[in-house]
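Please look over the structure shown below with this briefing at hand.

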Amino acid sequence: MSTLKPVHPYPVWGYTTHIYPKQVWYSLAGFVGLLTLAYLVQRLILWRAKRSAPIMANDSREFGRQPIKSPSNASVSFRRIPVGVVNALRVVLYRFTLPVGGRTSTVAEIAIISAYIIMLTTWQFVNSLNAPTGIKLDAHYWANHAGDMAAIQFPLLALLAGKNNLISLVTGISYEKINILHRAAARTCFVLMLVHAVGRVILTNSYRLRGFTSISHMWVKVGIAAAIAYGAVVLLAIRPFRTRYHEIFLSAHFFLILYVHGDWRILSHRAWYSEYIIPTFVLWGLDRTLRLARILWNNRNISRPSTDEKLPLTATAELLSSSMVRLTMKRHMYWKAGQCVFLTMPAVSDMPYEAHPFTICNIPGNTGLMDDMEKTGLEGNENGGLEPSGRGPSDLVFLIRVKNGFTRRLLENVEQKRGADGKAYFSVLIDGPYGIPPDVNAYESVILVAGGSGITFSLPLLQDIVLKTKEGRSACRNILFIWIVPHEEQLSWISGAIHEALQNAPPSLHIRIHLHVTQPSPVIELRAETTMDGGYESKQQYMESSGAGWLSEARIRTFRNGRPDIRSMLEEEILVPTVRAVSVNVAGPPSIAEDVRKALRFGAAGPLAILRGRPSVNLHVETFEIAVRMKSCEFAGIALISIYSDIIL
């Protein structure tokens, strides 16, 4: 008579340990694949739009600038259902927001992060029923499994944290937007570590684990140390501390994460752990290697045309006001309009590896933001200074808003070191460019909305459209440029660049520029045709005026009071006949971005209007959530509340 073989009490545990983590990665890879497909389709559509653009640079015809009435009575076209569905998804996912963790998050961000957490929770606790004993959620199944699920996220964290990452390359999502997912994945990983620790305590108390699984074993102690270090990183990364003490967060984040990864490398005594720990080091090292290569390449020695030129790595800094610093330098590098770089200034930075991101406020070859004295001797070109000549270095211009931390120290150094000409000189290292700005040249109508320092993103896009239109490589025919500032004297910061763009714009490009001052002072609108055929005796006369006065020679100007009516201005531009696609781009404070989102949810940009023949509207919001943003709250008193509200984003 044969005897039955004993059944292993936990037959599923060994299977799930190896299979479920791989299934998580298969799901993530599938999602990234869908985003990649959508990105490729979008790029193809934009490429065809630019190739089929019938507008020529020397075509001076008007293109229906008078807005039409609301399409509420127009008939619905069933052929536009696909376009209407796409626009409806844009409205729901990107134009509706919810307050989460002290910031407003789009529905798309919340949905993606929520789905990610649900997926991990499902794979963490599924099949945790102990069939022989009938115990539900048996710790034998989920305790060590939680450690496995935490370990597999380390490569993902490295992918989402790098400035040079594969996900941005294949999906077109810029690194600063992906960083939101990095924070969410990191906090979810920490929660799984806590679940693993709780499970181990339950097992130790219930089953008195000894030997290899005892808390006295070396690798168990290493795991506890790694979890404590990782927990410190999560606490330091909550928004109040991260924004107020960014330099401390940066240093602690670097060294503690390096320690955590070292401990996890020790924990990879199981062969399959190395499949996830070693790639983490590889991805991190690759990103750092590429960043170092960019720094060496961008800051290589450049030829000096005259003995009066400063050292190759020197930048010129000058105060435009008590809250704005202009930084100008020369480099052999190329960038796209709207991209940013990381600047390291040894004389200003507290730490040698401290680098801060700033958007380049001009396009290669443009000098409209520089003083006339600085332009002397620069080589011109047939496009009036809006195109690099292809020889020599390019000028990079930055408008840096002064807040606390690095920017405050920069202001103080400029005040201390500036000479009789009001300028100070600093050694600067550049890492970049980074960012994936929108392809505005594929749209017939472009709306650029900037608030305050957001002008550093909008202004280069304006310059790029003008240049590409002259070259016949842009489908754009209408531009609405809106800049909202608190003080009237701030308008002079970009006077030269605005004048240069209007002067070089071809007749086929219709530009309207609205400059709004929110403080009690006249709000000036420069409504200018793209030809500058009169009104000035010289460019010098145009530039010498201060504040709002530099617009006094404009062909048409209107004075208003208060903040602009964003909704009516956007609808007027969207309801222009013959326009099939509109690109709306916003950069500045969250309040301005939220006003634009609200204006584009319904009405002329809503799904029903699209079905009735209105143009498709694409919205791009450039976020400025780098650590220079400050909040008036104390860390100690709100730490627990912040962790709770900040756990998702």
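S168 counts as buried because its relative accessible area is 8%, which falls under the cut-off of 20%. The coordinates come from a predicted model, and every value in this briefing is computed from that model.

**S168 and its surroundings**

- S168 belongs to helix α6, which covers residues 166-171.
- From this buried position, the side chain of S168 reaches the backbone oxygen of I173 at 2.8 Å.

- Strand β10 runs over residues 445-451 and is mostly covered, with seven of its seven residues buried.
- In a regular strand, the side chains alternate between the two faces of the sheet.
- In β10, S445, I447, V449 and G451 point one way, while V446, L448 and A450 point the other way, and all of these residues are buried.
- On one pairing, β10 runs parallel to strand β11 (residues 478-485) over seven bridges, and within this pairing A450 stands opposite W483 of β11.
- On another pairing, β10 is joined by six bridges to strand β15 (residues 581-587), again in the parallel sense, and here the bridge partner of V446 is S583 in β15.
- Helix α14 (residues 455-470) takes part in a right-handed β-α-β unit together with β10 and β11.

- E573 lies in helix α17, which spans residues 566-574.
- Although E573 has a charged side chain, the residue is buried, with a relative accessible area of 1%.
- The side chain of E573 makes a polar contact with the side chain of S445 at 3.1 Å, and S445 is itself one of the buried residues of β10.

**Strands β4 and β7**

- Strand β7 (residues 394-401) is mostly covered, since seven of its eight residues are buried under the 20% limit on relative accessible area.
- Strand β4 (residues 324-331) pairs with β7 in the antiparallel sense over eight bridges, and in this pairing L327 stands opposite F398 of β7.

- A605 is found in the loop that lies between α18 (590-599) and α19 (607-611).
- Despite its place in a loop, A605 counts as buried, at 1% relative accessibility.
- A605 and A88 are 517 residues apart in sequence, yet their C-alpha atoms are 9.7 Å apart in space.

- The lining of the largest cavity is made up of V24, W25, L28, Y116, L120, I152, Q153 and L156.
- Both α1 (11-51) and α3 (107-125) supply at least two residues each to this lining, and α1 gives the most, with three residues.
- By residue class, the lining of the largest cavity divides into seven nonpolar residues, one polar residue and no charged residues.

Technical notes. Residues numbered from 1 in each chain as written. Predicted model: local features only at pLDDT ≥ 70, side-chain atom pairs only at ≥ 80, totals over all residues. Heavy atoms only, no water. 1 Å grid on protein atoms, 1.4 Å probe; cavity = no way out; pocket = protein on both sides within 12 Å on 5 of 7 lines; lining within 4 Å. Helix = DSSP H or I, 4+ residues; strand = E, 2+ residues; numbered from the N terminus. Buried < 20%, exposed > 50% of the residue type's maximum accessible area, 1.4 Å probe, protein only. Pairing = 2+ DSSP bridges. Right-handed = clockwise from strand over helix to strand, strands pointing away. Polar contact = N/O pair within 3.5 Å; in protein donor to acceptor, adjacent residues only side chain to side chain.
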